[in-house]
Number of protein chains: 2
Amino acid sequence: MAASAPETLTIVDAETVHVDAPAGHKAEIRLWLRLLTCTMTIETSIRRKLRERFDVTLPRFDLMAQLEKAPDGMTLGELSKRMMVSNGNLTGLVERLAAAKLVDSRASETDRRAQIVRLTAEGRAEFAAMAVEHESWVAEMMRGLSPGEVETLMRLLAKLKRSAHIALSADEKPAEGKNGAAS
Amino acid sequence: MAASAPETLTIVDAETVHVDAPAGHKAEIRLWLRLLTCTMTIETSIRRKLRERFDVTLPRFDLMAQLEKAPDGMTLGELSKRMMVSNGNLTGLVERLAAAKLVDSRASETDRRAQIVRLTAEGRAEFAAMAVEHESWVAEMMRGLSPGEVETLMRLLAKLKRSAHIALSADEKPAEGKNGAAS
DNA sequence: GAAAATTATTTTAAGCTTAAAATAATATGA
DNA sequence: TCATATTATTTTAAGCTTAAAATAATTTTC
């Protein structure tokens, strides 16, 4: 069951076996590094442009982008899940954006534990301006891909995402035992 | 020439046009978000496991991984370029790893500005142990992809990387003028 | 062989990020 | 109802990260 044990025995030739670690997953490691490189390259460029053009940080833009999709606001927990960052991180981020009058954060009427965060009118306008350029920057960086290639990447990355989530859930519940062995 | 102007007019049907921003690059934005999600999912998992199993942070692991490929050491500038992080970032990272006796940093003999960083014997041993498990974690998360799919992703991400670099260099030199208009 | 330009790194100030512990409000169950 | 568990967030401590300014060494140019 341990992830470190080579359970799936892929047949490899002798060369590959003795050069690599037990199971020889070099292709996967190279793919992971390439994925990281692509993401970092694009992200670094976007970060720089957001600062130059709008004097805003990427995390702030990302937070505003989430809120823009939720006119009725969103709790911190929801934001945390969607942005894939820690809860504590958001507390500070929201505080700073609230200080800049771009978002508004207030306790929920029905559950006083929850904070509901919304874009202010100013935040919405500011985001709209940024989003237009942001979209064109991304498109420009992907200009070398054909529509078909974009489509293929979408499909394969969706598959990778599913695959990663399966691995995730597999090691987050090392022992189950209670509700039967199903699913 | 501006990245924000819709230069490449892709023919789209009326529905799509009026819903989207000027040039309608929704597919590209969605691909970018998916790329980000995949990377963050895998990275978060690796970060957690490195901490649990080896009590080490991801940036430290990444730095050691770079040094492992350079037995004769590497300058900070070289590390900065390869890891795609800022120069100042590395100063602190190397200091902390040096304090832990995992790397060794000393001024170059031939250029006293440059610091040359190397893994210590202890660092090399520590990294070797981590690398084995790291490789299997990554492979596990990619288990749902066939070898052919891994190959296709490699190829298309390489293309995306090139495309992004072209866009990068296009706006890093807004005016050239000196060495002729060639290339 | 100096002045000027370049290169490599460090410092600084601010902000981002995480994991873990603490706080506070709600839900659950005897 | 009251104790217990759960949920949502904040706080804390440490470390990561960046951009920009400062420092220091080397190279270029006259």
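**Notebook: DNA strand D and the A–B interface**

I began at a sugar or linking oxygen of DNA strand D, which lies 3.2 Å from an N or O atom in the side chain of B:Asn89. The model is predicted, so I note that local features need pLDDT of at least 70 and side-chain atom pairs pLDDT 80 or more, while totals for chains, interfaces and linings use all residues. Residues are numbered from 1 along each chain as its sequence is written, chains are lettered from A in the order written, and side-chain values use heavy atoms, without hydrogens and water.

I then looked up the phosphates of DNA strand D. One phosphate oxygen is 3.0 Å from an N or O atom in the side chain of B:Thr57. A phosphate oxygen is also 3.2 Å from a polar backbone atom of A:Leu76.

I listed the surroundings of DNA strand D (a heavy atom within 4 Å) and found 23 residues, with A:Leu76, A:Gly77, A:Arg113, B:Ser86 and B:Arg96 the closest.

I turned to the two chains. The contact (heavy atoms within 4.5 Å) takes 61 residues from chain A and 62 residues from chain B. About 6,500 Å² is buried between them (accessible area lost on being put together, 1.4 Å probe, summed over both), 72% of it on carbon and sulfur atoms.

I found four salt bridges across this interface (a side-chain nitrogen of Lys or Arg within 4 Å of a carboxyl oxygen of Asp or Glu). B:Lys159 forms a salt bridge with A:Glu149, with the closest N and O atoms 2.7 Å apart.

Notes. A polar contact is a pair of N or O atoms within 3.5 Å; within protein, one must be able to donate a hydrogen and the other to accept it, and residues adjacent in sequence count only if both atoms are side-chain atoms. Buried area is the accessible area (1.4 Å probe) that two parts lose on being put together, summed over both.
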